[in-house]
Every structure is written in structure tokens, then in C-alpha cells.
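Try each task on the structure before you read its solution.

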Amino acid sequence: MNAWLSRWLYTTNHKDVGLLYIAGSMYFGFVGAILILLVRVELAIPVCATGVSGMCWPSATQTFLSAASFNQAVTLHGLIMILWFLSPLAIGLANYFLPLQIGAADLALPRVNAFGYWLWLFGGITATIGFFLPGGNTAGGWTAYSPLSSSTFSPGAGPTLAFAGLIMLATSITVGSINILLTVAVERGPGITWRKIPMFSWFIIFTIVAMLFSFPSFLAALLLLISDRVLGTMYYSASAGGSILWDDLFWFFGHPEVYVVLLPAFGLIAEIFPVFSGRPLAEKNIILICTGAIVIPLSYMVWSHHMFLTGVTLSEDEAFSVATILISLPFDVITLAFIKTLTRSSIRLTAPMIFCIGSVFLFIIGGITGVFLSSFVLDVVYNNTYFVVGHFHYVMVGAAIFGLIAGLYYYIPIMTGKMYHEKMANWHFITSFIGFNILYFPMFFLYDMPRRIYTYQSLPSWNTLNLISTVGAFIFAASQIFLLANIVWTLRAGKISPPNPWGATTPEWVPVITGASHGAAASMGSMPGAEAGEHHRHESSRPIWLATGIAVSFLGLALLVYSWGIAVFILGLAIDGFAVIGWMYEDLHETFHMPEGVTERWPFNAIPKMRLGMWIFLSTDVIVFGAILGAYLYIRSFTPDWPIPGSVHEIPLGLANTIVLLTSGLTAFLALESIKEGKQRNMIMWLCATFILGATFLGIKGAEWYNLYFVKGFTWNSSIAGSTYYFTVGLHAAHVTVGLVLMAYLIRKAMMGGYTKENHAGIENFALYWAFVDIVWIFVFPLFYLL
Amino acid sequence: MLYSLPLDATPPTVQIFNTLQNYYLILGGAAAVIVIGYMVFMIAKNRERPGRQVPAYHHEEGDWGNWKGVVMLLCVTGSVLAFVEYETFASANLVAIPDPPNALQVGVVGRQFSWSFTYDNGYTDFQNLTVPLNTIVILNITSADVTHGFYIPSLDVAKDAQPGIYSQLWFNATQPGTFTIVCRQLCGVGHALMISKLVVETTSAYNTWYSKLPAAPPAKGGA
Amino acid sequence: MNYKTPVAVWLYMILTTVGEVALFYSAKPDTFGVTIGIGVIAMINSLIAALFLMNIRKEPPVIQYLMLAPLALIMVLILTMLFAFAQ
């Protein structure tokens with residue numbers, strides 16, 4: 001295969017993957033921008049026929065976009081911009097620069113990193129396919145409120161594909177978070193203690209912690225949604241509280257996501273402000289404490305302010321209003337600390353610095369309007385109006401994008417080895433800052449205009465403000481041409497940059513760590529890994545195949561409405577099987593080399609890398625199962641006629657199965673104990689016993705399901721009790737199945753003598769996973785069989 | 001039809017909202033002007049230019065930061081925020097449902113893509129919500145299909161309409177006339193056109209209108 | 001090899017699970033006390049499994065917090081959901 005192509009398709013190098021993320025996010029940013037420009041054209045003037053008493057009754061022929069196209073455009077604009085442009089741009093920069101900043105040779109799990117990228121990319125493509133299908137794409141807003149997002153009100157393959165794309169995204173982000181967190185925990189270069197981690201990396205860590213427990217909740221909500229759509233379960237439709245269930249699970253993810261978008265930009269500001277002010281960052285420790293100890297935990301406890309109007313009790317409104325007010329306090333401190341860095345300084349107004357100043361400027365406006373929205377009384381009027389749209393664009397576009405663009409300019413010398421065009425960058429700032437404010441400031445005055453309406457009543461104030469806003473949108477969009485032109489110019493004609501053009505002191509500019517490659521050396525031109533010399537083989541085709549398989553199987557799921565959909569689904573699973581076996585083959589024969597070196601790892605000295613990874617993974621799985629059990633409890637509280645316990649399920653059978661699973665927990669533990677003493681034969685025996693018990697569990701489960709489904713007629717689409725039972729138990733069974741696959745691999749490797757007294761990490765991680773699966777069942781059994 | 005133009009006699013809900021909004025606007029605006037102004041001033045003052053002496057900076061290793069300054073900042077911003085939050089709590093009667101004996105109760109059902117209004121006698125109106133002047137009206141809102149957002153801009157009241165959930169809002173119209181009711185939660189292709197009328201009539205006109213309503217409820221509609 | 005602890009843990013969990021079922025058959029299923037009893041047994045069992053099968057007791061405290069954090073967050077989520085409409 002062409003070397004260039006195979007490099008970019010099979011790469012697992014963090015710099016390459018980072019560049020791929022940045023390029024991919026820019027592509028999606030372009031798509032999202034086109035979508036919203038169509039929307040702004042539609043909203044420029046109220047196109048309508050004169051109706052009764054001055055009312056605006058639009059006729060379909062007169063509007064630029066139809067209502068259906070308009071709804072799809074705003075929906076996908078939101079999804080793409082937040083999840084496929086903003087976050088990934090930051091993740092791309094993090095991929096590239098976090099390992100450099102902390103002196104790591106690469107991310108802890110390079111193939112998982114590449115897998116995350118391809119899954120993210122294919123997820124984005126999957127989510128946009130719907131535009132080209134009959135019936136169109138999802139059109140219920142990026143928040144996808146149920147029951148509008150159900151197959152009753154949004155039929156067709158398009159929305160299913162969009163939600164499948166979101167599942168792929170949430171999975172990608174979750175594994176990516178685990179990977180980066182693991183890197184920071186155990187792969188730091190020698191001497192990089194926690195206190196020496198640079199600010200950008202710190203903010204990426206905070207971002208990751210905000211993603212770690214929020215995306216699993218989103219994943220759970222989406223799994224329920226796709227199960228509703230494809231299998232016909234009734235989570236969001238049958239019970240009265242279905243709409244609130246989605247609201248809670250969605251916003252439990254959705255609010256931390258706001259900080260996920262914002263914090264990387266803050267990290268870049270904290271990196272760039274001191275460099276261009278010629279002085280250290282003011283109150284560095286206070287900024288870290290405010291973000292890490294207050295913003296991140298609190299970010300998980302304010303989500304209900306998106307639900308002030310849903311009719312939840314006043315006391316809950318009050319509690320979440322206070323929490324929201326509280327979370328603005330650390331941001332006051334952080335913002336003023338940034339501004340304090342500008343005092344007693346000497347400020348160089350070059351592009352990265354200007355964009356950072358713009359970012360802080362716009363964040364102040366976005367933040368203060370956010371305080372308005374914390375009031376559950378003011379929210380009565382502002383909720384779902386252009387005031388909200390203005391507010392979050394000031395934060396997400398203003399603060400976040402301006403900060404990320406500053407980061408791009410700041411790091412272009414490392415990423416390309418060349419210097420960008422300063423004049424062009426200045427014009428980029430001037431036009432985009434002016435365009436931005438023309439675009440979004442009028443929205444604060446449109447606080448009584450509902451968002452997501454494709455046409456509106458002709459009111460003098462609205463007409464002018466909307467027209468101004470549309471003009472601003474075009475200025476802002478056009479100004480981004482300066483950025484693209486600048487990147488192209490830099491690659492083609494840019495002057496070779498000195499190694500440290502800004503006089504920065506952080507490790508990505510000044511290599512102080514032995515072993516870590518200097519940033520500027522491995523730029524886009526040269527092959528990464530070449531300079532280090534000892535990398536054996538740093539490419540793997542498995543990640544892209546695994547992601548392809550998942551994308552194809554989801555495509556099949558969405559196309560189940562056609563008879564051949566099942567074939568596509570099975571093809572996807574086959575590709576996945578091929579990729580997983582290949583991945584395990586690479587491990588068995590150690591053809592893939594993972595970079596390792598001397599590392600700084602307090603307080604994780606005593607714990608091996610993969611075990612820590614397993615723990616982090618399990619902590620995210622706690623959220624998935626917790627959210628799904630929570631959904632079950634919540635729906636039960638809304639459903640008066642729940643079947644009497646014991647009337648549906650065979651309790652003795654359930655008890656027997658529980659005993660089987662608990663016994664397998666014991667045998668898995670004994671397998672681990674055996675290998676700890678070096679008894680390989682005993683370990684293989686215990687592992688085989690575990691495998692048989694696990695398979696028995698699934699077998700009994702299958703018999704139970706057969707009986708319930710075909711004999712008793714207790715199906716997942718007949719009642720909400722059936723839906724919750726099959727979904728929860730099915731998810732657990734899927735975990736058991738994954739455990740069986742892992743065991744097959746472990747037994748194979750053990751027979752090759754792969755585990756010894758000293759080296760038995762695989763067995764240890766599996767034992768952890770299996771015990772966790774046991775624990776989940778300890779809750780599932782009484783909840784579904786006895787209570 | 002009036003959207004949100006000022007009313008002669010301001011309804012209580014609008015009064016509550018405006019008073020509260022003023023606190024936020026004045027304090028928030030002042031904060032924005034002060035902070036942004038200070039930042040811009042600092043940049044202008046400290047920008048690098050020929051002949052400017054770079055100020056000396058004393059950096060102490062292990063400096064844990066200016067906690068005194070932070071505490072002072074938290075006291076100032078914290079008390080401002082506590083004040084506005086207190087005012088929000090004090091304005092909670094905009095969303096808390098009053099319980100006067102003579103309130104008019106009307107059932108509201110949102111559906112794709114219209115509102116319907118059901119009165120005590122079982123009559124359901126699919127066009128207008130008709131209410132008497134200077135009377136507390138309590139709406140019991142729900143949805144027949146997807147989530148909708150019930151919003152009367154001229155009265156500053158709103159509540160989501162969700163299937164299976166009954167939520168309430170109240171208002172007191174203080175001026176006769178015809179006002180707009182819109183849907184504010186994206187509910188499908190007809191969302192933008194999901195518009196009804198609020199008709200406020202004098203008490204006697206309302207009573208006349210109400211007494212002429214058909215006694216038997218229509219077959220469709222209702223919750 | 002120390003078989004005693006894991007086998008004792010296993011036996012305890014089997015017996016208490018049988019106990020759960022016995023508790024279920026002993027009284028009317030929807031009695032509040034039975035619900036609480038079964039819930040407590042399940043929680044103790046999961047705790048024991050975490051402590052002795054996952055060996056979380058031997059991990060550094062940071063791992064213990066890592067597992068407690070999502071539990072606390074999910075409790076906040078579930079309680080908020082359950083009490084959203086409670087008067």
C-alpha cells in the first residue's frame with residue numbers, strides 16, 4: 001500500500017492522530033457552518049403571506065428552506081458543531097500536545113487512540129448520511145427530546161443513523177477519556193510531577209474528568225433510544241415520565257459537556273497569556289483549585305437548570321438554581337486571574353494573544369448572561385428563546401472557538417515547522433470578532449423570539465435584528481477563509497520557524513525530558529517515529545477495521561426496515577470479529593510495539609497500567625448501568641400497573657442462574673490466585689471452569705428468554721415491564737459475552753505460556769471485569785425478579 | 001394581534017419579571033462594563049511598544065496565591081450573586097401556583113400542531129383561549145403527543161407541555177385584547193405555526209360568551 | 001494458596017441470595033420491609049464482592065475514590081429523577 005496512505009490510515013502515533021482530529025473537526029466545522037448559513041438566510045426576513053389580523057402565515061413555496069429542512073439543518077448544526085467540531089478540535093490539540101507537555105512517549109494505548117479517532121469520524125459520517133435518505137435526518141433539535149425523537153414521531157432510517165452516530169461518538173469519547181487519563185496517570189516523563197504539569201494539560205485533564213462520567217450517561221440514554229427505535233422497547237413512549245427520563249439522562253451529560261467545550265480553550269489561554277505578557281500566570285494554583293475542585297464536581301450537579309419549565313417541584317428548581325449560581329463563582333476567580341496576568345506585564349499583541357483576549361472578552365459576556373439563566377424565574381421567559389442562543393454561542397463560539405483558534409496559531413510552528421502569516425491572522429481576528437458580535441449580540445434583544453422556528457411573525461424589532469444577525473453570520477463565516485488561507489499559505493510558503501518562536505518555557509517547546517521527542521522535529525513533513533529510532537512497528541490496521549465494522553453494523557441496524565438490512569448488520573459484525581481477532585493476534589505475537597519508558601506515576605506507583613485502565617473503564621460502566629437501573633426505577637415509579645413480582649419470572653431459575661454467576665466469580669478469583677503462585681495448569685483449569693459457568697449462565701438466560709418470549713408472550717415491545725427487563729438483562733448478558741470472548745483469548749494465551757507468576761496482568765484485569773459483571777447482577781436479580 | 005407590546009395596566013406576572021430582570025440587567029451590565037473596561041485598559045497600558053520599560057515582576061516559587069484577594073473577590077461577587085438569587089427566590093410567585101377561590105381553571109392540551117383549551121363545562125376550543133379581565137387564570141397543561149412549550153409572550157408566562165405530565169401556570173390579564181400564544185419547544189415540522197390566540201374580555205362579556213357555549217362537550221379533544 | 005477467604009465470601013453470597021428469595025416468599029412481596037431487607041442484602045453483597053473479589057481494599061485510595069465518585073454522581077441523578085415530582 002502507498003506509504004502516505006497507510007501512514008494516515010493505520011497510524012497510531014499521537015501526533016498523527018492529533019492532526020487527523022484537527023483536519024476532521026475542520027471538515028465538520030465547515031459542514032456545520034454551511035448548515036447554519038442556510039438557516040440564517042431563511043431567518044433573514046420573515047417570508048410570509050399576509051394573514052388574519054397581521055399574522056404571518058407562511059406558504060411553503062415562499063420559504064427558502066422547508067420547515068422539515070430547516071429543522072434538520074438546525075439539529076445537525078448543533079450536533080456537528082458541539083460534538084464533531086468543538087470538542088474534537090480540542091481533543092486533536094490534546095492528542096498532539098499533551099504527551100509532549102508531560103513528556104510521554106505516546107498515549108498509553110496508541111491503538112485505542114486510533115480506534116477512537118476512526119469511530120469518531122465514522123460516527124460523524126453516519127450521523128450525516130440521513131440527509132441523503134428519504135425522510136431526511138433527525139430534526140428534533142440537537143437535544144433530541146423524547147418522544148419527538150421516537151420512531152412514531154421521527155420515523156425512518158435517517159434519525160436512527162444519527163443516533164447510531166452519536167453512540168459511536170459517545171463510545172469514542174469514553175475510550176479516549178480513559179486513554180488520556182491513563183497517560184497522565186502513569187506515562188509522565190521523569191521529573192514531571194503533578195505540580196510540573198503545564199496548564200493546557202491540566203485543563204485537558206479537567207476536561208477529561210468532565211467527560212468521563214457524563215458521556216456514559218449520554219451513551220445509556222442513546223442505547224435506550226436506539227433500542228426503542230429499532231427493537232420497539234418503550235422506555236420513552238409507554239410511561240408518562242418518558243420525556244423527563246430523556247431530559248435527565250441527556251442533560252446529566254449535556255451540562256458537563258458545556259465545560260468540556262470550554263475548558264480546553266481556558267487551558268490554551270492559561271498557556272498563551274503568560275507567554276505573551278512576559279510574566280508568569282497569575283494565581284496558577286488558585287485557577288487549578290477552582291477548576292479541579294469546584295467546577296468539575298459541580299458541573300455534574302447543575303443539569304436540571306435546563307428543565308426549569310418541565311414542571312419539576314419548586315424546591316428542585318431552587319436547589320439547581322443555587323448550584324448554578326455557585327458554579328459561576330470559580331469562573332469569576334479564573335477570569336479575573338487571567339486579567340490579573342495582564343497587569344505588570346509587557347503584552348505582545350500577536351495573533352495567539354489577540355485571539356485569547358477576544359476569548360476572555362466574549363466569555364465575560366457569555367458568562368454574565370449565563371447568570372441570568374440560572375434564575376428559574378427569568379428562565380420562564382428566556383427558556384428556548386434567542387437569548388439562550390446568544391448566551392451559549394458567546395460561550396461556545398466566543399470563548400471556546402476563539403481560544404482554540406488562538407491555540408492553532410500558537411502551535412502552528414510545532415505542527416508544521418513553519419510560521420504563519422501574521423497580517424492575515426490579524427485580519428482574521430478583526431473580521432471574525434466584528435462579525436461575531438454583529439451575529440450574536442442582537443440575539444440578546446430577541447429574548448421573546450422562540451428558537452428553532454423557521455419563519456416568524458413580522459414584528460419591526462424582530463425583522464431588523466434578524467437581518468443584522470444574518471449579515472453578521474456571513475461576515476463571521478467569510479472571515480474563517482483567512483484561517484484556511486493562512487494554513488495553506490503556511491504549508492506552501494511559510495518561513496521555517498525557529499524552534500521556540502514565542503519564547504515559551506513549557507516542555508513542548510523546550511525539550512527538557514530525555515526520551516521525549518522535541519515537538520518541532522516531528523512535523524507534518526517527517527515520519528513520526530523515525531527520529532526516535534527504536535520504534536519497531538507503530539502502525540496497526542486493526543483500529544480502522546474495528547471502527548468500520550461498528551459503523552457498518554449500525555448502518556445495518558438502521559436499515560433493518562429493509563429486508564437486506566440484516567445482511568449489512570451481519571457483515572459489520574463479521575468485520576468486527578476479524579478486527580478483534582487481528583487485534584488479539586497482534587498482542588499474542590507482540591507484533592505491535594507499545595512505547596514505554598521511565599515514568600513518573602505517583603500516586604499510581606503500585607498499580608499496573610492496564611489495571612488502572614480497567615478501573616477507569618469500570619468507573620464509567622458504573623454510570624452506564626447506574627443510569628439504566630435509574631431509568632428502570634424511575635419508570636416504575638410512573639407506572640401504576642406493574643406486574644406483581646413472581647408473576648412473570650421464574651424465581652427458582654433466576655436464583656439458580658445467580659448461583660451459577662456467583663460461582664463463576666469464585667473460579668475467576670481462584671484462577672488469579674493460582675497464577676499469582678505460578679500454578680499455570682491450575683489457572684487454566686479455573687479459567688475453563690469460569691468459561692463454562694459463564695456459558696451456562698448465558699444458556700439458562702437464553703432458555704428463560706425463550707420461555708418468556710414465545711411461551712408467555714412477555715416481549716420487549718408488549719409492556720414497559722418487558723422493555724426494562726430485556727434491555728437491562730440484555731445489556732448485562734452482552735457484558736457476559738464480552739467476558740467470554742476475553743476468556744477465550746486468555747485461555748489461548750495461557751496455553752502458550754503467556755502468563756507467569758510475575759506477568760499476569762491479563763488475568764488480573766479479567767478478574768476485575770468479571771467481578772464487576774457479578775456485582776451488576778447482584779443488583780439486577782432482586783430488582784427484576786423479587787421487587 | 002399583540003405579541004409582547006407594553007400593556008397599559010401591567011399584569012402582575014410581567015411586573016414580577018421586569019423587576020427581577022432589571023436587577024440582573026443593571027448588576028450584570030455593570031459587572032461586564034467594569035471587568036471588560038479594566039481588561040482593555042490594562043492591555044492598552046501594558047502593550048509592548050518602543051521605549052517602554054518592562055515592569056519588574058517578583059515571582060516567588062511555591063507561592064500558593066493571593067488567597068486574601070480571592071476571598072475579597074468572592075465576598076463582592078458572592079454578595080451580588082446572593083442578592084440576585086435572593087430576588088429570584090422572592091419572585092418565585094411567578095411560577096408558584098396561587099390558590100384563590102375564584103380562579104378560572106382551564107385545561108390546555110398541546111398536540112402537533114395546535115393548542116386546545118377545555119373549560120369547566122367540558123367545552124373545548126381549538127382556536128382561542130378566552131379569559132375574563134382581572135381574574136386569576138390557572139392553566140393545567142399537558143400534551144397529547146410530544147413535548148411542547150406553552151408561552152404567552154405578552155404575559156411573560158410559560159410552561160412545558162409533556163405527555164402524561166400535568167403542569168400548571170397562572171396569570172392575570174389586566175387589559176382586554178387579543179394576544180399571541182406560541183409553542184416554544186421544537187415539536188416537529190409545524191412548530192413555527194403552532195400559534196393560538198389569547199382573548200381577554202371584560203368579565204360581563206366573558207360571562208355572556210361562556211353562557212352561550214354548547215353544553216355537551218365535543219367528541220374529540222380534551223385531555 | 002488461601003482458599004478460605006474466597007470460598008467463605010462465595011458461600012456467604014450464595015446463602016444471602018437464597019435468603020433474599022426466602023424473604024420474598026416469606027411475606028407479601030410488596031411489603032416495604034421486604035424491599036428494604038432485599039436492598040440491604042444486595043448492597044452488602046456488592047460491597048463484599050468489591051472488597052474481596054475485586055480486591056479494592058488493597059488498591060490505593062485514589063482507586064477507591066475513582067469508584068466512589070460515579071456511585072455518588074449516579075445517586076444524585078437517580079434521587080433527582082425520583083423526587084422530581086414528589087410534593
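The mean pLDDT (the predictor's confidence in each residue, from 0 to 100) of chain A is 90, and 94% of its residues reach 70 or more. For residues 513–536 of chain A the pLDDT is below 50, yet this stretch has 46 contacts in the model beyond near neighbours in sequence. Two residues are in contact if their C-beta atoms, placed from the backbone, lie within 7 Å.

This is a predicted model: local features need pLDDT of at least 70, side-chain atom pairs count only at pLDDT 80 or more, and totals for chains, interfaces and linings use all residues. Residues are numbered from 1 along each chain as its sequence is written, and chains are lettered from A and ligands numbered from 1 in the order in which they are written.

**Exercise 1.** Find the strand order of the open sheet in chain B.

Solution. Helices (H or I, at least four residues) and strands (E, at least two) are DSSP runs, numbered from the N terminus. Two strands pair if DSSP finds at least two bridges between them.
- The sheet has 5 strands in the order S4-S10-S9-S6-S7, with mixed pairing.
- S4 (128–132) and S7 (157–161) of chain B each have a single partner strand, so they stand at the edges, with one side lacking a neighbour in the sheet.
- S6 (residues 148–152) of chain B runs antiparallel to S7(B), joined by 5 bridges.
- Gly149(B) has Asp160(B) in S7(B) as its bridge partner.

**Exercise 2.** Describe how chain B touches chain A.

Solution. 
- Count the residues: 67 of chain B are in contact with 68 of chain A.
- Locate them: H1 (12–46), H2 (67–90), S6 and S7 of chain B each supply at least two residues of this side.
- H1(B) gives the largest share, 14 residues.
- Sort by class: 38 nonpolar, 20 polar and 9 charged residues of chain B. Here Ala, Val, Leu, Ile, Met, Phe, Trp, Tyr, Cys and Pro count as nonpolar, Asp, Glu, Lys and Arg as charged, and the others, Gly among them, as polar.

**Exercise 3.** Work out how H2(A) and H15(A) run against each other.

Solution. Axes are lines fitted to C-alpha atoms, for helices over the stretch in contact, and angles run from 0 to 180 degrees between N-to-C directions.
- The axes of H2 (residues 14–43) and H15 (residues 460–493) of chain A come within 9 Å and cross at roughly 155 degrees.
- H2(A) is therefore roughly antiparallel to H15(A), a term for angles over 145 degrees.
- Residues that meet include Ile36(A) and Leu37(A) in H2(A), and Ala473(A) and Phe474(A) in H15(A).
- This contact has 8 nonpolar, 3 polar and 1 charged residues.

How values were computed: Angles under 35 degrees count as roughly parallel, over 145 as roughly antiparallel, 65 to 115 as roughly perpendicular and the rest as oblique.
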